[in-house]
Amino acid sequence: MLARDEDILQAAETWRAEGKGVALATVVETWGSAPRPIGSNLVIDEDGRFLGSVSGGCVEGAVVSEALDVIESGAPKMLEFGVADETAWKVGLSCGGTIRVFVEKVE
């Protein structure tokens, strides 16, 4: 079952209230058979806990890793994954298509 937007936002608020750094990853563009639609979210805290989904499990690990860098640096990142990308097989997006995910720190 997918997490609801309300649950994702509540997790972000809870983690921020605990004093944790938090990042939000959002699907901003897809092409082909991307498993999650534009607007899908994943929230990540500085300990690597996360809730939500941007790819149905294909790239979440890579997004969490990048989000930890965003939390530390404060600099947002645009991530792109796809079959033509050299990381496609590494992260498991072998089903086809591409996905672009914007990751930003939650202040």
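1. **What covers helix α1.** The cover over the buried residues of α1 includes β1, β2 and β3. Contact here means heavy atoms within 4.5 Å. Buried means under 20% relative accessible area, exposed over 50%, and partly exposed in between (1.4 Å probe, protein chains only). Helices (H or I, at least four residues) and strands (E, at least two) are DSSP runs, numbered from the N terminus.

2. **Basis of the model.** This is a predicted model, in which local features need pLDDT of at least 70 and side-chain atom pairs count only at pLDDT 80 or more, while totals for chains, interfaces and linings use all residues. Residues are numbered from 1 along each chain as its sequence is written, and side-chain values use heavy atoms, with hydrogens and water left out.

3. Which residues of α1 are buried? They are Ile8, Ala11, Ala12 and Trp15. Seen down the axis of α1, these buried residues fall within an arc of 100°, so they line one face of the helix. The arc is taken from the directions that run from the helix axis to the C-beta atoms. The face turned away from the buried side carries the exposed residues Glu6, Glu13 and Ala17.

4. **Length and end of α1.** Helix α1 has 13 residues and reaches 18 Å from its first C-alpha to its last. That is close to the 18 Å expected at 1.5 Å a residue. The expected span is 1.5 Å times one less than the number of residues. Gly19 follows α1, and its phi is positive, near 85°.

5. **The chain overall.** The protein chain holds 3 helices and 5 strands. From the N terminus on, the elements run α-β-β-β-α-β-α-β. Buried residues make up 36% of the 107 residues. Take the contacts between residues at least 6 apart in sequence: 51% of them join residues at least 24 apart.

6. **The sheet.** What is the order of the strands in the open sheet? It is β3-β2-β1-β5-β4, with antiparallel pairing. Two strands pair if DSSP finds at least two bridges between them. The edge strands are β3 (50-52) and β4 (77-82), and each pairs on one side only. Neighbouring strands are turned by 20° against each other on average, direction ignored. Axes are lines fitted to C-alpha atoms, for helices over the stretch in contact, and angles run from 0 to 180 degrees between N-to-C directions.

7. **Bridges around β2.** Strand β2 (residues 41-45) is joined to β3 by 3 bridges, and the two run antiparallel. Val43 has Leu51 of β3 as its bridge partner. Ile44 is partnered by Phe50 of β3. The strands β2 and β3 form a hairpin with 4 residues between them. In the turn, Gly48 has a positive phi of about 90°. A further 5 bridges join β1 to β2, also antiparallel. There, Val22 has Asp45 of β2 as its partner.

8. **Why β2 counts as enclosed.** In β2, 5 of the 5 residues are buried, so the strand is largely enclosed by the rest of the structure. Both faces are covered. Asn41, Val43 and Asp45 are buried on one side, and Leu42 and Ile44 on the other. In a regular strand the side chains alternate between the two faces of the sheet.

9. **Helix α2.** Helix α2 has 14 residues and reaches 20 Å from its first C-alpha to its last, close to the 20 Å expected at 1.5 Å a residue. Its buried residues are Glu60, Val63, Val64, Ala67, Val70 and Ile71. They cover an arc of only 115° around the axis, which puts them on the same side of α2. They pack against β1, β2, β3, β4 and β5. On the other side, Gly61 and Glu72 are exposed. Just after α2, Gly74 takes a positive phi of about 80°.

10. **The cores.** A nonpolar core is a set of buried Ala, Val, Leu, Ile, Met, Phe, Trp, Tyr and Cys residues joined through side-chain atoms within 4.5 Å. The largest has 18 residues; those with the most contacts inside it are Ala25, Leu42, Val54, Val63, Val101 and Val103. The elements giving two or more residues are β1, β2, α2, β4 and β5. The largest share, 5 residues, comes from α2. Apart from this core lies another, of 7 residues, among them Ile8, Ala11, Ala12 and Trp15.
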